[in-house]
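Hi,

Here is the model I promised to pass on.

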Amino acid sequence: MNSLMDTTDADNKSEFSANLNIFRQTEFFSGVSMDVMKLFAFLCKRQSYKPGDAIFLQDEDDQCAYYILSGAAKLVLKKDEKDYEIREYKAESYLGVLSLMAPMVKQFSLVATTDTTCIVMTRNAFAKIADQFPDTPLKIIRAIGQRIATAERKCVKEFESEKNEDIRNLLGISLI
Amino acid sequence: MKTKTEKKFIPVVNRTLSSWIMDGNLKLQILLVVIILITVAIRVVPLEMQQRIVNEAINLRKIDLLVLYCGIYLLAVVAASLLKLIINLIQTRISEKVTAEMRKQLYHHILNIPLDFFRTTPPGTVVNSLLNELNIPGNYVGMAIAVPLINVVTLLAFAGYLIVLNPLLGVVSFALYPIMLYIIPMLQRRVNRDNKKRLNASRTLSSKIVESVSGIHEVQANGAFEIENNKFDRIVENLMGIRIKWTLYKYAIKIISNFFVNLGPFLIFIIGGYLAINGRLGLGALVAFLSAQEKLYDPWKELIEFYQVYQDGSINYYKTMGYFDVPIDTVLAAKDRAPYELEGSVHVDHVTLETTDGIRLLDNVSLDVAPGEQLALVGFSGSGKSSLALCIAQLYRYTSGHATLGGKEISELTKADITQNMGLVSQSPFIFEGTIRENLMYSYTALYGEICTLEGECAPELDGLVQVLQQSGLFVDVLRFGLNTILQVDEEEIVPVIIDMRKTFQQDYGEAIAEWVEFFDEKQFLSYASIAENIIFGAPVTDDFKNDRLMENQFFLNFLDDADLTRPLLTLGKEIAYQTVDILKNITLDRMFFEQTPIKPEEFDEYQEIVRVIKNKNLHQINQKQTRALLDLALRFSPGKHRIAALSEFMIHLILEGRFMFKERIKQKNDGAVSFFRNDQYIHSQTIFNNILFGIVKTTNPAAQEKINQFMIALLIGEDFLERMIEIGMNFNVGTKGNNLSGGQRQKLAIARTFLKSPAVMILDEATSALDNNSQKRIQSVLSRQWKGKSTLIAVVHRLDIVKDYDKIAFLKAGKIVEMGTYDELMAKKGYFYELAYGHN
């Protein structure tokens with residue numbers, strides 16, 4: 001879509017076109033049509049966080065998926081009153097896509113480590129899109145499935161090459 | 001074991017179509033018959049007058065007779081027309097009354113059909129049945145007496161008159177009708193048959209089209225054009241053949257009908273002519289015969305049409321009623337007693353719930369809950385915990401065993417008994433269009449009647465409403481709705497209070513929130529306000545500066561031109577219209593899709609048309625109406641809210657420049673038309689929240705937003721304005737299906753409405769699943785602290801960390817209770833419950 005006002009000024013793009021550009025390059029949306037992607041870009045909202053702000057909280061179903069647009073955030077697991085930092089997510093990461101499709105309690109907390117902005121999609125908005133284009137969830141589930149399979153292959157490789165017994169119990173997640 | 005208290009009551013779905021004809025319409029139908037008989041009598045008069053005009057007046061050259069007969073003729077025609085109008089009115093009245101009655105009765109029936117039915121019935125089917133399918137049967141009922149009676153009697157009257165006039169010719173005139181009576185239904189059957197074939201073939205064709213469009217990749221990739229073309233061509237040709245036959249039969253009926261009708265005069269001419277020449281028939285009689293032939297055609301046509309309506313009507317009626325012919329297993333209310341007031345004990349004894357396919361959802365389940373006790377049902381999904389709760393709530397019918405509520409068998413209780421003693425909150429509760437208050441009162445009103453909605457003596461007090469809002473946790477949400485209200489003129493009395501609160505708020509919290517809020521500062525652009533609001537930067541005093549009137553305000557339009565704003569705004573409007581139409585062009589419009597664009601759902605078609613027309617035009621080529629529409633759009637655009645377009649720095653600068661110029665102009669030429677934003681004045685276009693802030697929240701940081709809310713609540717408490725705000729908030733409209741509420745808010749509202757009713761037994765079926773942790777824990781603590789001992793609670797629970805306080809926990813697996821006891825007992829047992837609580841790692 002040619003943007004009448006924005007062609008000369010890249011910083012002055014509407015949030016909608018910026019979102020659309022990001023989604024076009026995302027594996028989760030690789031199967032969906034442009035019309036669907038536009039709706040996604042249209043219905044998303046942005047949220048900003050200061051360092052230390054929780055983006056989502058462990059044990060809560062916040063019904064959202066997140067794309068980190070800028071900044072960084074750490075994934076934290078709270079167990080027996082202790083915080084374990086699992087890893088840090090940088091810009092361009094997706095989190096919580098499954099939450100769009102089904103009630104799902106987040107198993108970890110995500111805490112901003114710098115000034116962070118996320119694009120947020122809600123389950124409710126996703127449901128509206130699925131109402132219009134019923135094959136959307138299926139296409140996204142396919143992408144998720146592939147991602148799980150890829151992750152599993154990586155684990156299997158690690159298990160074979162390093163005989164890392166610690167991960168034995170984790171194997172088989174792609175068979176759910 | 002059902003009580004046989006009702007007298008012979010035939011459910012609407014088992015009524016015959018003909019039973020509607022007299023039901024409740026007896027007087028109208030009798031009146032109709034009387035009017036019809038008069039009409040028919042009057043219809044014969046013109047025939048007689050024709051004869052007399054020719055035989056007496058013309059033959060004897062008597063002007064006075066001519067005038068007299070012509071007068072009578074005219075009178076008869078006018079009277080017949082008037083009576084026909086009255087007949088039609090009565091007929092319509094009967095039709096509509098019966099259709100409405102069928103709809104009402106069927107709707108009442110449908111609401112009582114057991115839940116199972118709706119799992120396989122799409123809402124569309126119900127809608128269609130109630131809206132469309134009953135129209136033709138209704139029409140039939142309206143016609144059922146009038147049409148056959150008037151037409152048959154007319155035919156007979158004509159026949160009688162003609163036979164009296166001349167027996168031979170009379171018989172000849174009607175000789176053809178028996179033949180038609182035989183041929184036309186025969187043809188009609190063929191039409192019906194081919195019509196069915198045509199429908200089937202059309203369906204095949206459309207699924208073929210759907211198939212090739214969805215598989216177009218494969219077709220093009222394989223170059224399989226010929227294969228697909230051949231398939232398609234064959235179906236089209238088949239359809240063509242069927243359509244030709246169908247159309248031919250339809251025409252055949254018309255042609256044969258016409259042919260016979262036209263054959264009539266031929267017979268009259270040849271036989272009547274012969275008789276007249278021989279002097280055995282007067283010329284007047286011949287004219288009467290000829291004109292009767294013509295007049296016979298109308299009743300005949302109407303009879304044939306009636307025959308078709310009857311056929312279609314019967315098919316529709318019995319199909320529709322048959323579809324909903326599901327036995328209803330509960331009685332609404334007992335006629336001979338008031339609903340029981342039962343104590344809240346629940347006793348379940350060897351209850352089994354088996355589906356028609358023989359799947360046991362519950363298998364021999366037994367348990368006891370004493371009044372005021374709290375029982376949690378846990379287990380994996382599909383274990384039967386919800387089914388058990390719904391059986392106790394009488395929404396499912398257990399197939400064997402016993403379940404009692406306060407000692408009475410649940411399956412034998414009426415709906416009124418259940419409503420009186422039980423409250424159910426389901427996992428995805430349904431919220432109806434209306435205000436929070438109306439929804440909060442839903443269960444209460446259903447129980448105590450509609451008189452108790454607002455002012456009646458039995459209405460709950462505001463304190464009671466506030467209390468259940470607090471218990472359910474909806475209080476803060478309602479407060480928020482109240483704060484987000486744009487005041488109506490009739491609530492003016494709180495304006496000074498709010499301005500006072502604004503001052504306090506600025507003193508107490510002004511600094512703390514400064515970085516998160518865009519204050520109404522003359523030098524600052526408000527990204528969360530519309531461009532019009534940014535330019536005017538005040539509240540309109542005269543109507544012509546109201547947002548929806550700006551496009552008719554020449555002063556304002558001239559100003560836009562002079563401030564060099566018209567062109568850039570038009571460009572912006574065009575961009576917004578283009579983008580919105582592009583994104584939303586192929587979808588069913590839903591309110592949610594319009595949150596990020598200034599176009600309203602009801603305007604979408606209009607803007608779609610504008611976009612189509614101006615697509616390849618430049619701004620100077622579009623007409624005034626389109627210009628205004630685009631300008632209007634741009635003026636309603638608020639960059640913080642509508643993410644569909646962006647404003648450049650240059651544009652923002654231009655708008656701010658414009659703001660000052662506008663103020664100057666108003667002062668010069670139209671002083672007093674706008675009251676500019678001032679710290680000591682209420683801004684009517686803004687919400688109460690923004691009025692207190694004297695600004696608009698700009699941060700998208702949830703933590704910061706939460707902080708501002710907390711400050712606001714602290715302020716309201718300090719100013720003793722909390723309850724008033726709740727009252728305002730309760731007028732918030734929840735939207736269709738409660739769409740303006742989040743999933744969590746809907747659940748909280750459903751819990752609050754059950755609390756308000758305060759039933760002996762509460763059943764919560766995963767009623768807090770959409771709530772965040774804190775809210776769940778809060779409600780749980782309310783349940784165990786404030787409701788224990790007061791209402792019996794049976795809760796299906798999916799999270800185990802909140803079941804500690806329950807008196808009993810039943811663990812279900814594959815429809816059976818495999819463990820039951822207190823939390824500590826079950827944990828000590830290290831069985832299923834322990835496993836589920838700690839996972840298998």
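This is a predicted model: local features need pLDDT of at least 70, side-chain atom pairs count only at pLDDT 80 or more; totals for chains, interfaces and linings use all residues.

Residues are numbered from 1 along each chain as its sequence is written, while chains are lettered from A and ligands numbered from 1 in the order in which they are written.

Back to Ala80(B), which sits in helix H3 (residues 63-112) of chain B. Helices (H or I, at least four residues) and strands (E, at least two) are DSSP runs, numbered from the N terminus. Ala80(B) counts as partly exposed because it has 19 C-beta neighbours inside 10 Å. The scale goes like this: buried means 20 or more other C-beta atoms within 10 Å of a residue's own, exposed means 12 or fewer, and partly exposed is in between, with C-beta atoms placed from the backbone. Val40(B) is 40 residues away from Ala80(B) along the chain, yet their C-alpha atoms are separated by 8.1 Å.

Tyr448(B), in helix H16 (residues 442-448) of chain B, is another partly exposed residue, with 16 other C-beta atoms within 10 Å. Its C-alpha atom is 7.8 Å from that of Cys458(B), 10 residues apart along the chain.

If you take the contacts in chain B between residues at least 6 apart in sequence, 78% of them join residues at least 24 apart.

Two helix pairs deserve a look. The axes of helix H6 (residues 135-144) and helix H12 (residues 283-323) of chain B come within 8 Å and cross at roughly 135°. (Axes are lines fitted to C-alpha atoms, for helices over the stretch in contact, and angles run from 0 to 180 degrees between N-to-C directions.) That makes H6(B) oblique to H12(B); angles under 35 degrees count as roughly parallel, over 145 as roughly antiparallel, 65 to 115 as roughly perpendicular and the rest as oblique. On the H6(B) side, the residues that meet H12(B) include Ile136(B), Tyr140(B) and Met143(B). By class, this contact has 8 nonpolar, 3 polar and 1 charged residues. Here Ala, Val, Leu, Ile, Met, Phe, Trp, Tyr, Cys and Pro count as nonpolar, Asp, Glu, Lys and Arg as charged, and the others, Gly among them, as polar.

The other pair is helix H22 (residues 566-584) and helix H24 (residues 624-636) of chain B, which pack at about 85° with their axes 7 Å apart. That makes H22(B) roughly perpendicular to H24(B). Among the residues making the contact are Leu569(B) and Ile576(B) of H22(B), and Leu630(B) and Ala634(B) of H24(B). They divide into 10 nonpolar, 2 polar and 1 charged.

On to the strands. Is strand S3 (residues 374-378) of chain B largely enclosed or left open? It is largely enclosed by the rest of the structure, because 5 of its 5 residues are buried. Gln374(B), Ala376(B) and Val378(B) lie on one side of S3(B), with Leu375(B) and Leu377(B) on the other. S3(B) runs parallel to strand S12 (residues 792-796) of chain B, joined by 4 bridges, and Leu375(B) stands opposite Ile794(B) there. Strand S13 (residues 808-813) of chain B is also parallel to S3(B), again over 4 bridges, with Ala376(B) opposite Ile809(B). Strands pair if DSSP finds at least two bridges between them.

Finally, 28 residues of chain A are in contact with 27 residues of chain B. Helices H1 (15-24), H2 (34-43) and H3 (123-132) and strand S1 (45-49) of chain A each supply at least two residues of the side that touches chain B. By class, that side of chain A has 9 nonpolar, 7 polar and 12 charged residues.

Happy browsing!

Definitions and conventions: Two residues are in contact if their C-beta atoms, placed from the backbone, lie within 7 Å.
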